Amino acid sequence: MRALRSSLIIFALLLVQLSSSSWGKILVFPLDGSHWVNMKVIIEELHARGHEITVVRPSDSWYITEKSPFYTSVTISSPGGFNQKYFEAFLARQLEIRLQGRHGSFWSKIWTKIQIERLVVEQFSQFHKGMSEIAVQMLEDENLMQSFLEAKYDVVLTDPGVGVGAMLARRLQVPLVFNVRWTIQGEAHFLMAPSPLSYIPFTSTELTDKMTFPQRIKNVLSYNLGMYTMSCITEPYYKPVVKKHFGLDVDYSTFFLDADIWLMRNDFVFEFPRPTMPNIIYISGFQCKPPKPLPADLEEFVQGSGDHGVVMMTLGTLVGELPQDIAEEIAAAFAQLPQKVVWRYVGQRPANLGNNTLLVNWLPQKDLLGHPKTRVFVTHGGTNGVQEAIYHGVPVVGLPLFFDQPDNLSRIKAKGGAVILDIAELDRHVFADALQAALYNSSYRENMQRLSRLSRDKPMKPLDQAVFWIEYVIRHKGARHLTTQSTKMSWFVYKSLDVIAALLAVILLVTFTCISIAGLLWRIILVGKKVKHE
């Protein structure tokens, strides 16, 4: 008995030692909105495993609460510009511009796109200006920086959609982990990994990895214009901060690429196959979980659908209502269905809303997607919603509105799981046809269920993988052995243009020398013949 008790004590001590060996102090600088929804999932799991989390948040944070059982917050007095009213107004204006040009000519639609792009550039420029001001305030606050240094953080976890987290990691000289798909310089792969434009579609082109010659022209032009636009949006604000606080010799273009691990919020079930890097870890769908029971009243409504099932519609938290004429067309199409419809909509109740349609202010998206009676998901195409649809194998009718949504949905369409509509061209007949296709063409459900099986068939759950690699960085004080030298190279050196120039110079020199020698020999021969003749 005594021996057993001693063994249990030793075993308990080993467990304590093992758990404490991976315990760490983590400083988090997140991006608000839907990005925070993702980051919060990781933070909660890290907290459950015994890590101490500190979250830095602007004073006007929207989703990021000051008090939480999972982390300690540090609130910066400057506003970050990411608040609900700001983005609701921004998105409403974008939608208004799109709808104004819906019945116009070809050139009118081109002008509409130009207006939207100009609005995006203006709004995001202001957003990054605000973020750069937060960076300056933090870096120049000696007390704050001293408190961070004294805390002795093991790692900085950040979303590189803003540049502040990378600056904090560099100033504190601690390892850096990105929770990433988008960075301040564009889609992460295009910055990190070889990206041949011959088969890797650039963001927003809605192309696949099988491109015709005209599509490849479009892809190359879109890439160059897109990267230039991103630099115009962010570089004027972050570059001066980098030069002032980290030195004139610091290369801004590589400053935000210097992460030990990139936790990539997609994978090759969703993405097209492409080159990657050893420190990119794919965690697509890490926020997805088996469904919980629905609230009793919603469950009763869903069960009332019988064998027909349920159609679910939500356009995300930012778009709770639509112009009344579009809402009426959507409601009329829904009313034609034998299915029940759960529609998150907070606008004026459509006059022709069918008895089969339930309007709600909020719905449990993950749980309803996982319900066996859910047949189709009508969505705007946000990354979270698309990945949850894949996880649960539910076909999609897409109404893309902004940002990466058209691109996300185009990938699902290319894999046979989605029907996509332009909301500017929407009427009840077009919408009803799309719903009928997704409901009754079995290929859509079969393709989504195939994607679901692929996404679930992994040796480790994506969330466990994300946490493992964060703890890996803590244990080894970084993961520099996985980072490539390419992130520190200029584009000129990376593409070996200096080598090509040198080799061309040698070839030209040798060619010129050979021609000169041949010319000299030819002249000697001619002179010799002339002397002999004389």
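**Close-up views of a predicted model**

**Figure 1. The span of residues 499–522.** The end C-alpha atoms of residues 499–522 lie 34 Å apart, and this span is 100% helix and 0% strand. The structure shown is a predicted model. For these residues, 499–522, an unreviewed UniProt entry gives the feature "transmembrane region".

**Figure 2. Surroundings of R265.** R265 lies in the loop that connects strand 8 (261–264) with strand 9 (280–282). Its relative accessibility is 5%; R265 therefore counts as buried, the limit being under 20%. The side chain of R265 comes to 2.9 Å from the backbone oxygen of N179. Apart from neighbours within four places in sequence, the residues in contact with R265 are H35, N38, D159, N179, V180, R181, I283, S284, F286, T383 and Q387.

**Figure 3. Surroundings of N38.** N38 belongs to helix 2, which covers residues 34–48. This residue, N38, is classed as buried because its relative accessibility is 5%. The side chains of N38 and N384 are joined by a polar contact of 3.1 Å. When neighbours within four places in sequence are set aside, N38 is in contact with N179, R265, F286, Q287 and N384.

Figure 4. L95 is part of helix 3, residues 84–100. With a relative accessibility of 8%, L95 counts as buried. L95 and I423 are 328 residues apart along the chain, while their C-alpha atoms are separated by 9.2 Å. I423 is also among the residues in contact with L95; the others, leaving aside neighbours within four places in sequence, are L322, P323, L401 and F402.

**Figure 5. Two cysteines, C288 and C514.** C288 has a relative accessible area of 11% and is therefore buried. C514, in contrast, counts as partly exposed because its relative accessibility is 47%, a value in the range between 20% and 50%. A disulfide is a covalent bond between the sulfur atoms of two cysteines. How many disulfides does a search of the whole structure find? The search finds 0.

How values were computed: Residues numbered from 1 in each chain as written. Predicted model: local features only at pLDDT ≥ 70, side-chain atom pairs only at ≥ 80, totals over all residues. Heavy atoms only, no water. UniProt positions renumbered as here; feature names shortened; annotations may be inferred. Helix = DSSP H or I, 4+ residues; strand = E, 2+ residues; numbered from the N terminus. Disulfide = S-S within 2.5 Å. Buried < 20%, exposed > 50% of the residue type's maximum accessible area, 1.4 Å probe, protein only. Polar contact = N/O pair within 3.5 Å; in protein donor to acceptor, adjacent residues only side chain to side chain. Contact = heavy atoms within 4.5 Å.
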